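Subject: Structure handover

Hello,

Here is the structure you asked to look through. My notes on it follow below.

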Amino acid sequence: MKRVQFSSYFTQYFFIAPQLAIILIFLYLPIVQTFRDAFTIQDAFGFGRYFSGLDNFTFVLSDPNYITALKFTLIFIVVITFFSCSIGLLLAVQANNVIHGKSAYKTLLIWPYAIAPAVVGVTANYFFSERLGILYNFFNGLWGFDWYDNVYDAYIYVFIAASWKQISANFIFFLAGLQNIQKSIIEASIIDCKSSFRRFWTITFPLLMPTTFFLIIINITYSFFDTLGIIDTTTIGAPSGETKTLVYKAYIDGFKGLDLGSAGAQSIIMMLIVLVITVFQFRFIEGKIHYN
Amino acid sequence: MKNLFKFFIALVTASFLSLPTIAKPIELHYWHGHTGKLEAIINEIADRWNASQDESVLIPTSKGSYEDILAAFIAAYRAGEHPHMVQVYDAGAAIMVAQVKNGVVYPFEDMAAEYGVDFNKDDYIPGIRNFYADSDGKMIGIPFNSSTCLMYANMDILEAAGVEVPKTYEEFEQIAPKILEAGYTPLLQSHSPWIWTENFFSRHNLLMTDGNNGYDDVPTTTLFADTPEFITHWTKVKEWKDKGWYDYKGRAWGDNQAPFIAGEAAFWLGSAASFSGMKGVVPNFTVNHIPYWDSITGGKEYPTFIGGAANWILSGKSDEEYAALMKLAEFMTSPEQQLFYHNMSGYAAVTYSATDLANEIGFYEASPYHKAVGEQLSLTGSTIPGGYRAGNWPQIREVLYENYPKMLNGEISIEEGMKRMDEGASKLLAQFAKTL
Amino acid sequence: MSRIFRITVSHSILICGVLLMIVPLWLVFASSTHSNSFIYNEGMQWKIGGEFFDNYDRVLNRKGGFTKEITASGIFYNSFIMAFGIASLSVFVSMMAAYSLVYFKTRFSTLFFWLIFVTLLVPLELRILPSYQIVSDLNLLNSYAGLILPLSASAIATFFFRQYYRSIPEELLEAAKLDGANSWKFFIDFLVPLSKTMIAAMFIFMFVYGYNQYLWPLIMTTSEKYWTVVMGLKMIYGGNSVDRYTYVILSLIPPVIIIVFLQRLFIQGLFQSK
């Protein structure tokens, strides 16, 4: 917090009021409703409603498919974050190095960021459909790739579809982070350390830490939530539910299957998971990283 | 900043000003789950209705898919913003029939008794009528787009392989090697829960759930693992897949249909309504009854369940609106409109007067494609009910979808898969029973 | 290692990256210029075909829906309004909220921050049915405001502005106070002009987010008048025809233009916050 501050309560509340009003009406009211749903049994229309304690939670957690989805989601988050971050970082470092064609590279690498997940999924589908899909046939020729049947092949399909667009997002943020590092620090380090590879890992990368941690949050929320449109337009959970993320499962059970109790319980479990991850991240960022 | 603020204010005011106002003719809102060609046909029916009279205006709105529409209209109902009539599919029938007692759904038969002019219950083909009726046989939904699963055959491939269209799965097993030899995929199928589960049971006159398919009692379990015939069928399907006689392309409907459209597969099991999209695209195809196991039925052919969807009237509207709706329902089920719909979409005609009219004008001679659906649905002799009343069925289908691929790729045995499907279904049925 | 070698490696890696991003969409684009049956039988194409004008003309001008008034251009307009509304509104309120969080002493700051931050955990997909009910209670179904408001509560934007304000040197406020600026004047005359690039960056960020929404417009609009781009992908161009390739390409144009032309501001804005 700032040492020098204003102390007018009225102005303070006035400025925060619009945001609070929007989130209270459009977020907290629905969340309260979600909590009520999670502890009640009711039909889709809201009839036959009664308090059921933790029944919905035991119902969800005793479902082996839920555990499958949980495991997949965790793998999914790690893989997407790892690949899109590392490729994004690699490209950002190179783009920061070169002098000629810098802005052309930037433009060409940034634009997929704007594509809707559902559109990415539809496009990926063109490449992975069994009939005439270029990547399907290519991988099929290599090792008999068949995502309709094989869990790991289905993983490959969704991992590629979901990481692709996210590379752009990571590229943008890393590039911004790199440009922020003062030239003088890098120049000074050139004298001390000749190997550019070592220089990157000992000097540049630690300075990128705030960016990296921020990106981890961005990538986690992306792979957790935003990929719904991708799953829905690619594998739909193929081969047999192994590529459903938790959000997709909540969407299928709650929205398409009309079980509000189960959906409510699933939402709360998800909130807890993301909450734990982000609180951990925040402690880390706020505690260990110093902004200049 | 000031401009942004003004913009925001303008947006909010604009939204309040643009509230719907009540126009002179009665507006009848109809939400459905069709897109593409099938949506265009519904729009055409609405145009015809709107041109035929000026008392009411029918406004159809597509909500995407059958699942999307169910969720969308329930959300709207809970908010009191529901349309007059909504299209709900077969798997949602139990949910809708159960909502009569809560006053959500206005039974078609009650509306007909109150406002009807030409309503004749006996004119509706029994198999179609009973699927969307309650256990006393009272019609709740208005039969509309009634399909069933059928077998499409590519006649050019059959000729190349020198074989005929099979009537039974035994015959299919005879000819499959020849088709494979000729370089084609023998068989594809687009919806395992619907075609090779629900309709497997009806096609072989077997009960699918306890409680007499839910017509007598609220069902507590499915009978997959307890039905040896069903286990045999899937054991065979797995064998076929291993031999290359059948190919599984995931759960997306279109992915399984695509090789047939491209002329790479001899047979495809799909819906009667798939006809509209294939006519003129696939050169030389026929539409046939779905095969059955001769060894199970002893040579007898039983009807399949009705598929597709029905239209359901929702409560909370005015007398004038229901009177107009009833007239609309009579218009939509009039022989002329049905024949139009039957012809354009491939869906079955739902009344005898429509099939009579079709016969009278020699429709089936001109278009033999359309014959199979009606024939298969009007087969008789079943001792099981003409449908199933099981709640949470959309989710139970999901359970089936999650187990079939595992059985097909050998991850679990057929018996184990059946057991898991029964367990999953029982849990969901119990969950639904709690809300009754 | 020689400098030339390093530069060559850098360029090769970048060219690979660019190809990775360009080639998939190039294939979609090239395919969208062929005839329907050709694509159906042959799959995606590398070379441009001869149907470019026919396909794009047909998709842009085809009238869909029951009213026959829905065209692709109308759909793009709706998405644009929705995205623009979400972007402006969320930037506006986030900026104010962040100001309040950073520049005022209060016991509630931490509580407010967490209240806002927690919203990151509850995306619309998880609260869609209750949200529908609330929007309906407010009489906002079938309106742009209904499309915009529930998606405008952006914790991300608030988070960015907060980080940015915290990185602004204390001296600025001290100097402003010496000049006799009160909290309003400081915000309008000092912070807002200073945050220009940040505003642009967040605007782009939220614009893309709003433009790409799918489920919410599907649920809350019953009038075809409000169909949006991603909905159109399902409602009109769901089939596997060449029109869909064409539509995919068309749907990319508005957000990609924004990104490409405003990328300098976007990157600068993001970098200020760090």
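How many bridges join strand E6 of chain B to strand E8 of chain B? Strand E6 (residues 149–154) and strand E8 (residues 265–271) are joined by five bridges, and the two strands run antiparallel.

Before the rest, some ground rules. This is a predicted model, in which local features need pLDDT of at least 70 and side-chain atom pairs count only at pLDDT 80 or more, while totals for chains, interfaces and linings use all residues. Residues are numbered from 1 along each chain as its sequence is written, and chains are lettered from A and ligands numbered from 1 in the order in which they are written. The pLDDT is the predictor's confidence in each residue, from 0 to 100. For chain C its mean is 85, and 97% of the residues reach 70 or more. The complex has an ipTM of 0.85 and a pTM of 0.88 from the predictor.

Back to the sheet. Helices (H or I, at least four residues) and strands (E, at least two) are DSSP runs, numbered from the N terminus; two strands pair if DSSP finds at least two bridges between them. The order of this open sheet of four strands in chain B is E7-E8-E6-E9, and the pairing is mixed. Strands E7 (185–189) and E9 (285–288) are at the edges, each pairing on one side only. Helix H9 (residues 194–203) of chain B lies across E6, E7 and E8, at about 125° to E6(B) (axes are lines fitted to C-alpha atoms, for helices over the stretch in contact, and angles run from 0 to 180 degrees between N-to-C directions).

Chain B is divided into domain 1 (24–147 + 306–377) and domain 2 (149–304 + 391–433), with bounds from an automatic or database domain assignment. Their C-alpha centres lie 27 Å apart. In domain 1 of chain B, 25 residues are in contact with 21 residues of domain 2 (contact means C-beta atoms, placed from the backbone, within 7 Å). On the domain 1 side, H19(B) gives the largest share, five residues.

Finally, Met206(C) touches Ile86(C), Ala87(C), Ser90(C), Val91(C), Ser154(C) and Ala157(C), leaving out residues up to four places away in sequence.

Regards

Technical notes:
Contact = placed C-beta atoms within 7 Å.
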